Amino acid sequence: RALVVSLFFKAYLAISLKLSESGIMSSDALPPEERSGAEIFHTSVLKSAQLFERVCSDQPICDPIGRPKVHAAALKQATGEAIYTDDIPRMDGEVYLAFVLSTKPRAKITKLDASAALAVEGVHQFFCHKDLTEHENEVGPVFHDEHVFAAGEVHCYGQIVGAIAADTKALAQRAARLVQVEYEELGPVIVTIEQAIEHRSYFPDYPRFVTKGNVEEALSQADHAFEGTCRMGGQEHFYLETHAALAVPRDSDELELFCSTQHPSEVQKLVAHVTALPAHRVVCRAKRLGGGFGGKESRGISVALPVALAAYRMGRPVRCMLDRDEDMLITGTRHPFLFKYKVGFTTEGLITACDIECYNNAGWSMDLSFSVLERAMFHFENCYRIPNVRVGGWVCKTNLPSNTAFRGFGGPQGMYAGEHIIRDVARIVGRDVVEVMRLNFYKTGDYTHYHQQLEHFPIERCLEDCLKHSRYTEKRLEIAQFNRENRWRKRGMAVVPTKYGIAFGVMHLNQAGSLINIYGDGSVLLSHGGVEIGQGLNTKMIQCAARALGIPPELIHISETATDKVPNTSPTAASVGSDLNGMAVLDACEKLNKRLAPIKEAMPGGTWKEWINKAYFDRVSLSATGFYAMPGIGYHPETNPNARTYNYYTNGVGVSVVEIDCLTGDHQVLSTDIVMDIGSSLNPAVDIGQIEGAF
């Protein structure tokens with residue numbers, strides 16, 4: 001109703017302006033500050049500039065490190081020639097798999113009847129939990145608390161109950177709708193974090209606490225104490241390519257999978273579990289993904305496992321690519337969070353204590369929610385030093401599709417709470433928020449509440465650079481004047497610093513492998529454990545190998561990520577893909593350089609091709625594996641107190657100016673300046689693309 005009245009008033013203002021311009025009404029009938037209410041937003045012409053460290057030009061031309069190289073597959077992707085999972089041509093005897101999904105958030109299945117669907121010509125088979133043993137049906141990325149097919153009960157709307165294999169996609173989907181499912185509804189249905197708190201619906205072993213100093217004492221002695229809450233909703237990944245998988249039986253007991261996943265080894269492991277095959281008979285391949293953002297780290301199994309099972313049982317190729325509505329229904333989102341905090345601070349705005357409770361909405365199964373919560377608990381203070389901290393975390397169990405990894409992995413949600421706290425403090429003590437930020441910033445040498453020392457903390461320099469580039473002080477004055485002169489249009493400016501810890505929260509994932517094969521013509525085939533999701537990882541790995549071997553990048557090719565080239569890979573996630581895999585590539589290159597050294601010494605004027613040719617005829621191995629394990633991490637207060645939680649941190653500051661239309665809620669971002677400290681960039685073009693894409 002308010003919006004309708006506002007739109008009516010907007011029309012009144014627009015018509016009044018027209019009438020006064022044409023002389024029908026007097027020109028002063030509308031006061032100047034009211035006039036902007038008649039306008040609507042128009043997309044302005046975009047202007048942008050990117051500044052980065054330039055590599056000195058006296059370096060040899062075959063050293064591409066630090067240069068803004070074009071993404072290796074950019075042209076193919078732009079022209080549509082790049083092959084994604086579902087672009088693989090249809091095979092002989094291939095069938096399509098479509099899912100039967102739950103239509104209740106919490107219920108007991110009383111009837112499951114596929115006879116009407118199976119009677120349709122071209123429909124081959126129906127799969128459900130009866131096709132698997134109880135053990136085989138239980139799956140999950142860490143805890144096996146999920147099911148390939150719902151067994152007896154459904155826990156959320158959109159849970160997979162069964163699957164239909166048919167000749168075509170349209171036929172399979174139509175037949176899936178013919179499967180009769182009857183339910184007996186169960187209660188209570190829990191959807192929100194508040195409902196979970198009310199019903200005490202938490203996963204076992206929660207809450208967990210991290211403490212530093214004496215919070216009660218510091219709060220009682222503080223000049224001011226303030227209690228507040230803030231919340232952050234979920235977010236849909238919306239990768240351009242939805243979940244897809246194609247499974248091909250290569251023999252009676254071998255399976256090959258082409259899968260849109262950030263974690264091929266996880267898919268391999270769980271397919272082996274579901275089909276009761278050993279892992280060496282299952283190969284999972286991922287050439288490239290059409291985006292992932294964390295949504296394909298663990299949730300790819302929803303599609304890959306039923307497809308693999310159907311292919312194995314039917315002995316023919318099986319394919320499935322979800323429609324957008326199915327993808328959004330079946331897979332989870334970013335974790336919604338609720339924070340309740342009590343903060344103590346001085347009259348100047350220096351924070352002395354914080355007691356905070358973090359609740360995340362995990363959905364119906366654990367997935368990676370425990371790890372997301374831990375990262376949120378470790379990032380809640382953002383860039384601010386708080387000497388006395390108690391942070392508690394609860395993983396809430398609800399009747400929603402299981403929420404999962406999503407760019408930042410709990411970090412953004414935690415930092416969001418920290419930014420709320422700093423603004424509450426600034427408001428109460430009546431100081432500018434940037435001054436209060438500066439007062440509370442960590443300094444180099446400080447310790448976090450999880451006992452990690454900040455060896456190098458450049459946040460103040462990031463802030464100064466960003467304020468200078470964005471003309472922060474002048475813009476604030478311009479915004480204040482604009483807001484005085486316009487009643488229905490308002491502008492605002494936000495400054496947000498960040499600190500993000502680089503490493504997997506789970507110790508054993510911080511490892512990577514690689515395989516390099518050099519062929520007789522001097523060309524190099526490189527394989528590593530990371531997946532090309534569009535983020536430019538393959539481009540960076542080619543750059544690393546080119547520098548290490550001292551050859552032009554054009555001689556190096558990466559075909560795909562496959563579990564038969566590099567085994568036991570970690571997911572491509574947590575912003576460590578190039579760190580881990582780059583070091584593994586370096587390790588393999590060093591082994592090859594050692595073998596080639598005597599030949600290079602004997603033929604100092606030779607070319608790369610001549611050296612390789614000589615090595616081949618001298619029976620020198622031209623294939624090497626590489627491996628890397630991140631050192632010095634894996635902090636645990638009892639068992640490993642001297643280690644670090646994160647390998648290092650990236651920092652940045654963003655300043656944005658936004659204008660809102662107070663009548664309609666319409667808004668437009670007018671300008672943004674971002675300064676990121678990411679160390680020495682391997683490829684500034686790719687890294688700037690990542691930063692802009694994330695923004």
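In which strand does Ile 674 lie? Select strand E25 (residues 667–677) to find Ile 674 there. This is a predicted model: local features need pLDDT of at least 70, side-chain atom pairs count only at pLDDT 80 or more, and totals for chains, interfaces and linings use all residues. Numbering runs from 1 along each chain as its sequence is written, and side-chain values use heavy atoms, with hydrogens and water left out.

**Stop 1: a surface patch**

Ile 674 counts as partly exposed, at 36% relative accessibility. Buried means under 20% relative accessible area, exposed over 50%, partly exposed in between (1.4 Å probe, protein chains only). Helices (H or I, at least four residues) and strands (E, at least two) are DSSP runs, numbered from the N terminus.

**Stop 2: strand E19**

Select residues 511–518, strand E19. Because 7 of its 8 residues are buried, E19 is largely enclosed by the rest of the structure. Now show strand E23 (residues 623–629), which pairs with E19 in the antiparallel sense over 7 bridges. Two strands pair if DSSP finds at least two bridges between them. Asn 517 stands opposite Ser 623 in E23.

Strand E20 (residues 524–528) also pairs with E19 in the antiparallel sense, over 5 bridges. Pick Leu 515; its bridge partner in E20 is Ser 527. Between the strands of the E19 and E20 hairpin there are 5 residues. In that hairpin, Gly 522 takes a positive phi near 90°.

**Stop 3: the eight-stranded sheet**

Color the strands in the order E3-E7-E1-E14-E11-E12-E13-E22: these 8 strands form an open sheet with mixed pairing. Strand E3 (123–127) and strand E22 (561–562) are the edge strands, each pairing on one side only. Inspect E11 and E14, which pair in the antiparallel sense over 4 bridges. Here Ala 245 stands opposite Cys 320 in E14.

**Stop 4: salt bridges**

The structure holds 37 salt bridges. A salt bridge is a side-chain nitrogen of Lys or Arg within 4 Å of a carboxyl oxygen of Asp or Glu.

Start with Glu 94 and Arg 319, whose side chains meet in a salt bridge (2.6 Å, N to O). The pair links distant parts of the chain, 225 residues apart: Glu 94 in the loop between helix H3 (74–79) and strand E1 (95–101), Arg 319 in strand E14 (residues 318–321). Glu 94 is buried at 3% relative accessible area. Arg 319 is buried at 7%.

Next, select Arg 281 and Asp 253. Their closest N and O atoms are 3.0 Å apart in a salt bridge. This pair links distant parts of the chain, 28 residues apart. Arg 281 sits in the loop between helix H9 (264–275) and strand E13 (282–286), and Asp 253 in the loop between strand E11 (244–251) and strand E12 (254–259). Arg 281 is partly exposed, with a relative accessible area of 29%. Asp 253 is partly exposed at 26%.

Then move to Arg 299 and Asp 367, a salt bridge with its closest N and O atoms 2.7 Å apart. Arg 299 lies in the loop between E13 and helix H10 (301–314) and Asp 367 in the loop between strand E16 (351–363) and helix H12 (369–379), so the pair ties together parts 68 residues apart in sequence. Arg 299 and Asp 367 are both buried.

Finally, show Arg 250, Glu 256, Arg 285, Glu 560, Asp 564 and Lys 565. Salt bridges that share partners join these residues into one network.

**Stop 5: cysteines**

How many disulfides does the structure hold? It holds 0; a disulfide is a pair of cysteine sulfur atoms within 2.5 Å. Cys 284 is in no disulfide, and the nearest cysteine sulfur, that of Cys 259, is 4.9 Å away. Cys 284 counts as buried at 0% relative accessibility.
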